[in-house]
Amino acid sequence: MTTDYSQISDTARAVDVEVLPRMASYIQRISPQIAAMSADEVFVIADYGAADGVNSSELFKAVICQLHEVNPTLTIKLVYIDLADPANFETFWATSALAKLKHVEAQYIQRSFYEPFPEITSKLRIGFSSTALHWLNAKTVGPEYFQHPLCIQPNQLPDSERREFAEKWKADWRSFLHECSKSLVKGGALFFANLANLGDNRWPASPGYNNLRDICQELCEEKKLSEAELNAIFIPDYFASPHEMLRLLDEVDLRCFAVNACDPLTVPCAYFTKAQDKLDDPQERSTLAATLAQVVRAWSESSMRIGLYADNKDLIEDIYRRLRDKFYEKPDGLPYQYCLLELVKKTSEERLKFD
């Protein structure tokens with residue numbers, strides 16, 4: 001968790017533009033139920049992989065306003081789920097515009113989104129996640145699972161080697177969706193902006209991953225990084241394709257969900273887009289390189305550190321200095337490829353009709 005997560009990113013705002021109309025349409029469809037909710041009923045919204053809660057704040061504010069237009073006294077509970085230190089969320093919430101809204105309360109649950117959530121069983125009405133659900137569940141395998149002598153991320157691997165990570169992603173997601181089905185009320189909805197592999201090397205921030213892989217190999221050749229460390233440095237995430245997601249959701253035991261949307265989306269790199277016409281200016285080029293390196297560091301540093309020996313942790317500064325230099329030598333954007341999923345839990349009658 002770094003300070004980069006304590007502000008709303010341009011990427012998050014781009015996702016909001018796509019997700020908000022879908023949420024608004026859903027709320028409009030269920031507005032009779034919302035209007036009929038009594039004073040002692042709570043409308044629960046969960047953010048899976050919320051970090052400190054900042055990135056979803058503008059989206060949630062818009063959703064809350066729409067809900068209160070339908071039912072002005074409706075109690076809304078925002079449930080934030082993440083492994084991060086709660087202090088970061090508490091800092092955000094203390095001055096958040098959301099905390100000032102009437103009939104709104106919040107709860108932070110420090111837990112992996114792969115775990116059960118009895119706190120919201122049969123209470124969840126809207127589940128949301130953005131830029132989080134690509135992380136694999138590290139608790140179900142040993143530390144040796146996330147290792148490779150040449151690559152640091154599953155999507156860098158050839159098909160034959162990547163398959164085992166695809167199977168793990170399926171198992172993890174199957175478990176996650178089962179837990180979501182327990183949390184959701186009938187007719188409740190999930191809105192996920194899943195980082196995805198759209199083919200032809202179009203998977204999120206691939207220049208960042210590939211540069212880190214090359215840097216680690218260079219350091220190993222220079223004897224600054226041992227072969228054992230090179231093997232152990234691995235980022236445990238997997239970017240599934242939209243086809244993989246649909247195929248999983250077609251499994252018999254997941255047909256409790258109606259798939260209302262499974263749409264690919266590419267969000268251009270905001271930093272590169274702003275600077276691409278100024279790259280002849282060394283200062284602009286240097287600023288862009290430093291920004292890109294810092295963005296990559298925000299989501300990769302903890303994984304990189306795990307692979308380093310205790311007496312070699314200081315090498316982390318050299319890794320990200322080299323990353324900055326690589327981005328300076330070859331400026332390359334960090335576009336984000338998504339699959340936007342809208343899933344609705346079927347009622348008993350709908351399951352009988354469609355299954």
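Rings of Phe, Tyr and Trp form an aromatic pair if their centres lie within 6.5 Å, and planes over 60 degrees apart count as edge-to-face. The exercises below concern a predicted model.

**Exercise 1.** Determine how many aromatic pairs the whole structure holds, and classify the pair of Tyr145 and Phe165.

*Solution.* A search of the whole structure gives 29 aromatic pairs. For Tyr145 and Phe165, the ring centres are 5.2 Å apart, and the planes meet at 70 degrees.

**Exercise 2.** State whether Phe165 is buried or exposed.

*Solution.* The relative accessible area of Phe165 is 2%. Buried means under 20%, so Phe165 is buried. In the protein chain, buried residues make up 54% of the 355 residues.

**Exercise 3.** Identify the residues that form one aromatic cluster with Trp169.

*Solution.* The cluster comprises Tyr48, Phe113, Tyr114, Phe117, Trp169, Trp173, Phe176, Phe192 and Tyr238.

**Exercise 4.** Compare the radius of gyration of the protein chain with that of a compact globule.

*Solution.* A compact globule with 355 residues would have a radius near 20 Å. The protein chain has 21 Å, which agrees. Along its principal axes, the C-alpha trace spans about 65 × 45 × 35 Å. The chain contains 12 helices and seven strands.

Definitions and conventions: Residues numbered from 1 in each chain as written. Predicted model: local features only at pLDDT ≥ 70, side-chain atom pairs only at ≥ 80, totals over all residues. Heavy atoms only, no water. Helix = DSSP H or I, 4+ residues; strand = E, 2+ residues; numbered from the N terminus. Rg over C-alpha atoms; globule rule 2.2 N^0.38 Å. Buried < 20%, exposed > 50% of the residue type's maximum accessible area, 1.4 Å probe, protein only. Phe/Tyr/Trp six-rings, centres within 6.5 Å; stacked < 30°, edge-to-face > 60°.
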